[in-house]
Amino acid sequence: RSSFAVAVEPKVNVLHRWPRPPKERVDVIHPSRGSVEDSSQSVYLPCLAWGWTLTSGGGNVAMPMLARSWGCCLQLLNSSIPTLDDQSTPAHSEHTSGEEATIHWPAFGMHEEFDAEAPIVSLEWLSERSLVYLTMTNELTVVDTVVMTLLERLDFSGMRVVFADFALSRTAARVMTGRDDEGGSEEHIAQITCTTFQNSVRCNDKRLMVLCQNELRQITMVSSRQRITSMEADGEWLEALALALDYYEGTFSSQEDRRRDPNGRRDLSRHPEFSTPKDEEEEWIAKLLMRYLNLAVDNAPISASDDNLISLGNGRARINLAQSHFQMLAGVCVEYCVTTRRLDLLFGPIFRRFQSVGYTAVFLDVLEPYVLNDRLSYIAPEVMSYFVEHCKSNNGVATVERCLLHMDCTIMDFDSIIALLRNNDMYSAMFFVFNQGLNDYVSPLQMLLERVFDEADAGNALVRRSSER
């Protein structure tokens, strides 16, 4: 009913009692996995694993941690082991009065816990930040214990892993199943067994050793970069890009800076085009996207060919494969660059690549929903001029003004954007840019009044009003 941490030196002492989790957490089965027989008859043994691990906020200092699984519940227990400096006298020495010296025992505390989708039957530390466990549904799961994210899930159903069955005594079965002398049949209780795979899975030097019934298998865990490179070599580009995004979010998310200065001042060091140099890992992730972009453009369908048009039936509509191909490609590039905060790459080489093949309009169409959903708050001046002209030719200036209301005015190029707004009579957006970016409420009003007076002096206002009537 409990797990214990016991010291044997300098004397036997119970350091920590770890109670069994509540029954509803031990027997819970995820709905997508179905049920594992009757939970009242299912008994699961706890699994324990010691390891030196990294913790969130602890830097590169590894701390001892005890992992325990009991049924579906997995818990991590931190331990604080006293150093030699913490002990004023040796552990075996005695004071002159005959009293024993004070012993500084390790302290324990709960670090993290979560529920697996099925009962866990084996548990091992793979590395300083990776924990692996095997469930009753034959799934091996690798978890990053620093950021608490799923790294990998493997199907072991065909490996025939060696296991052991333990028959519980009647007293133990009665306790673990909640039966008493009056409430259950002793003959039924005696048949309850527990299955464990704990001794069939071991980790050494970041390698997983799995003892199967006819063989010993070795599984090598590779780094995210090695896995991405392997996917790229196999032509699995979208899977490689998705894994690269996961790797970026797990590695660089804590370094994400805020673009807005709390004092309202404009900080050019946060501007996408004046950002600090990227490290080697970030550049490698960006080069992966560029290799995919060049390969996809070089192998794109030819838009002028009738073979690349698919009819939807009855001759009513046809899909342009080239158009669809570049829409998908633009979506991948924008999503990738927005997530990795590489807007210099998005509005530089990537935009010019779409220009070179004549699909600038497709690229600009993909930008609009990202801006309106507040995921993209900056557009480079050159691209902004193309975006305005594109929106004017399709949806009018209202679309541009709606997008500007979602953008960060503090990092805009004011000279170019204000000239662009004045030339296209977008005064609502001009008020927003001046107010939010420069905290100026007078200048846009002066510009608007100047335009009104110019129109009145030229008589255009009267002509327009009479024509409307």
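**Close-up 1. Arginine 129 and aspartate 144 form a salt bridge in this predicted model, with 2.9 Å between the closest N and O atoms.** The pair links distant parts of the chain, since arginine 129 sits in the loop between S7 and strand S8 (130-135) while aspartate 144 belongs to strand S9 (residues 139-144), the two being 15 residues apart. Arginine 129 has a relative accessibility of 31% and therefore counts as partly exposed, whereas aspartate 144, at 7%, counts as buried. The structure as a whole is a predicted one, and a search of all of it finds 11 salt bridges.

**Close-up 2. Glutamate 124 and arginine 202 meet through their side chains in a salt bridge, at 3.2 Å from N to O.** Glutamate 124 is part of strand S7 (residues 120-127) and arginine 202 is part of strand S13 (residues 201-204), so that the pair ties together parts lying 78 residues apart in sequence. With a relative accessibility of 13%, glutamate 124 counts as buried because the limit for that class is under 20%; arginine 202, by contrast, is partly exposed, its relative accessible area being 36%.

**Close-up 3. Arginine 375 and glutamate 335 are joined by a salt bridge whose closest N and O atoms are 2.8 Å apart.** Arginine 375 lies in the loop between helix H9 (360-372) and helix H10 (381-394), and glutamate 335 lies in helix H7 (residues 321-340), so the pair ties together parts separated by 40 residues in sequence. Both partners count as partly exposed, arginine 375 at 40% relative accessibility and glutamate 335 at 25%.

**Close-up 4. Helices H7 and H9 cross at roughly 45 degrees, and their axes come within 9 Å.** At this angle H7 and H9 are therefore oblique to each other, and their crossing is right-handed. On the H7 side the contact is made by Gln323, Phe326, Gln327, Ala330, Gly331, Val334, Glu335 and Val338, and on the H9 side by Val362, Phe363, Val366, Leu367 and Tyr370. By class, the residues in the contact of H7 with H9 comprise nine nonpolar, three polar and one charged. Glu335, listed here among the contact residues of H7, also takes part in the salt bridge with arginine 375.

**Close-up 5. Arg225, Glu280 and Glu281 are linked in a network of salt bridges.**

Notes: Residues numbered from 1 in each chain as written. Predicted model: local features only at pLDDT ≥ 70, side-chain atom pairs only at ≥ 80, totals over all residues. Heavy atoms only, no water. Salt bridge = Lys/Arg side-chain N within 4 Å of Asp/Glu carboxyl O. Helix = DSSP H or I, 4+ residues; strand = E, 2+ residues; numbered from the N terminus. Buried < 20%, exposed > 50% of the residue type's maximum accessible area, 1.4 Å probe, protein only. Axes fitted to C-alpha atoms, helices over the stretch in contact; angles between N-to-C directions. Parallel < 35°, antiparallel > 145°, perpendicular 65-115°, else oblique. Left-handed = near helix turned anticlockwise from the far one by under 90°. Contact = heavy atoms within 4.5 Å. Nonpolar A, V, L, I, M, F, W, Y, C, P; charged D, E, K, R; others polar.
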